Amino acid sequence: MSANDRPTGQPTTPQESAFLKACRREPVPHTPVWFMRQAGRSLPEYRKLREGIGMLDSCMRPDLVTEITLQPVRRHGVDAAIYFSDIVVPLKAIGVDLDIKPGVGPVVEKPVRTRGDLERLRPLEPEDVAYVTEAVRNLTGELGGTPLIGFAGAPFTLASYLVEGGPSKNHEHTKALMYGDPQLWADLCDRLAVITSTFLKVQIEAGASAVQLFDSWAGALSPEDYRRAVMPASAKVFESVAGYGVPRIHFGVGTGELLGAMGEAGADVVGADWRVPMDEAARRVGPGKAVQGNLDPAVLFAPREAVETQAQRVLDAAAGLEGHIFNLGHGVLPDTDPEALTHLVRYVHERTARG
Ligand code: CP3
């Protein structure tokens with residue numbers, strides 16, 4: 001079965017989909033569901049397809065990207081597809097010497113810590129990522145009425161990988177640069193904002209219906225530091241794609257204290273992790289924005305009834321809100337049983353079906 005001929009009242013165009021309606025805070029036929037990191041990760045059909053192919057190599061092959069992006073849509077009946085790629089793909093595309101190590105994450109050969117290092121980060125040109133344009137075009141054809149979400153890493157989260165040289169718990173080198181050389185830090189975030197803007201524009205111009213900016217590690221910052229040193233660059237990214245009219249989603253982990261500022265940065269939808277209930281998250285984000293979240297991904301390892309109980313708690317907290325997109329509070333964990341995800345989609349759809 002292709003994504004086009006899924007049964008039961010599927011939208012005929014992305015604009016009519018429950019997902020885009022919820023992003024616009026319009027009435028929905030059911031609460032839309034998708035999962036961060038739904039592509040790849042837990043799916044056996046993904047692992048089979050990726051055998052012997054490096055992560056970054058797979059991101060540059062439109063045939064693989066198309067198939068991997070469609071897999072969770074077919075299997076789970078989610079309300080949106082997320083483009084299969086990684087936040088470091090645009091950095092690789094401008095020549096940064098990095099790799100994605102299995103089970104570790106992005107590793108940068110020569111970390112960026114000086115003005116000279118910064119000069120190596122040239123702007124991204126759409127031709128650098130022609131494979132993205134091709135894959136998004138293929139996908140929008142294949143997906144029919146199911147919207148495609150494009151994405152990019154936010155300047156802070158990208159800077160963390162570049163400055164640390166790899167994944168980091170404490171972000172100590174990143175923060176040392178941020179506090180120690182505010183001008184160099186601002187210039188780095190500015191360059192990353194330009195690269196990220198181009199990467200999002202490429203995806204939107206090829207047909208993506210919405211975009212998500214992942215600032216996964218922003219929760220490591222105090223609200224004051226976030227507002228001063230990080231938010232301006234993220235705001236530039238949102239502003240740069242405002243004219244397209246596609247919903248812009250903003251997400252980070254552990255960002256309970258930052259939700260207000262993340263809303264102010266310019267997104268239309270703000271994601272929250274499981275540490276703040278959805279109604280409280282919406283209150284912190286402020287009026288006029290939809291919210292996304294926020295089941296703890298670890299809950300999916302519990303028995304089915306417990307998953308339902310916890311999912312219902314999320315739905316109850318979000319019940320009075322205009323514009324709720326059901327998601328996990330962070331990405332699908334690699335050992336998640338795919339059937340638990342399929343069941344969760346069905347549960348949310350059934351429990352929220354209207355009229
Ligand atoms: O959401 C999706 O399903 C689309 C694909 C996607 C990937 N990475 C594929 C991937 C998306 C949206 C991302 C975003 C991403 N990448 C983020 C932000 C989201 C988040 O989880 O906070 C971050 C911080 C990264 C950086 C990254 N890439 C890490 C930390 C890792 C290693 C850990 C892991 O996920 O296994 C990666 C590698 C990566 N990105 C894989 C996949 C499918 C695994 C690659 C492999 O098979 O080795």
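This is a predicted model: local features need pLDDT of at least 70, side-chain atom pairs count only at pLDDT 80 or more; totals for chains, interfaces and linings use all residues.
**Entry 1. The ligand site**

I then listed the shell around the ligand, which has 25 residues. R37, R41, D86, S216 and H330 come nearest. Sorted by class, the shell holds 16 nonpolar, five polar and four charged residues.

**Entry 2. Contacts to ligand oxygen atoms**

Next I looked up distances to oxygen atoms of the ligand. For R37, a polar side-chain atom is 2.5 Å from a ligand oxygen. For S216, a polar side-chain atom is likewise 2.5 Å from an oxygen atom of the ligand. A39 takes part through its backbone: an N or O atom there lies 2.7 Å from a ligand oxygen. I noted the cover as well: on its own the ligand has 860 Å² of accessible area, and the protein covers 89% of it.

**Entry 3. R37 and R41**

I went back to two of the residues that come nearest the ligand, R37 and R41. Where in the chain is R37 found? I found R37 in the loop between helix 1 (18-23) and helix 2. R41 has its place in the loop between helix 1 and helix 2 too. I checked the backbone angles of both. Phi of R37 is positive, near 60°, and R37 is not a glycine. R41, also not a glycine, has a positive phi of about 55°. The cut-off for buried is under 20%.

**Entry 4. Helix 8**

I moved on to helix 8, residues 155-164. How many of its residues are buried? I found 10 of the 10 buried, so the helix is largely enclosed by the rest of the structure. Among them are the charged residue E164 and the polar residues T157 and S160. P155, F156 and Y161 are on the buried list as well. The residue that follows helix 8 is G165, and its phi is positive, near 90°.

**Entry 5. H76**

I looked up H76 and found it in helix 4, which covers residues 62-76. Its relative accessibility is 5%, so H76 counts as buried. I then searched for a partner of its side chain. The side chains of H76 and T342 are joined by a polar contact of 2.8 Å.

**Entry 6. F251**

F251 belongs to strand 6, residues 248-251. How accessible is F251? I read 1% relative accessibility, so F251 counts as buried. I also checked the spacing between F251 and L213. The two are 38 residues apart along the chain, and their C-alpha atoms are separated by 6.3 Å.

**Entry 7. A cis peptide bond**

Last, I looked at the peptide bond between G293 and N294. The bond is cis, with omega about -5°. I placed N294 in strand 8, which runs over residues 290-295.

Technical notes. Residues are numbered from 1 along each chain as its sequence is written. Side-chain values use heavy atoms; hydrogens and water are left out. A residue is near a molecule or strand if one of its heavy atoms lies within 4 Å of it. A polar contact is a pair of N or O atoms within 3.5 Å; within protein, one must be able to donate a hydrogen and the other to accept it, and residues adjacent in sequence count only if both atoms are side-chain atoms. Accessible areas come from the Shrake-Rupley method with a 1.4 Å probe; for residues, only the protein chains shown count as cover. Helices (H or I, at least four residues) and strands (E, at least two) are DSSP runs, numbered from the N terminus. Buried means under 20% relative accessible area, exposed over 50%, partly exposed in between (1.4 Å probe, protein chains only).
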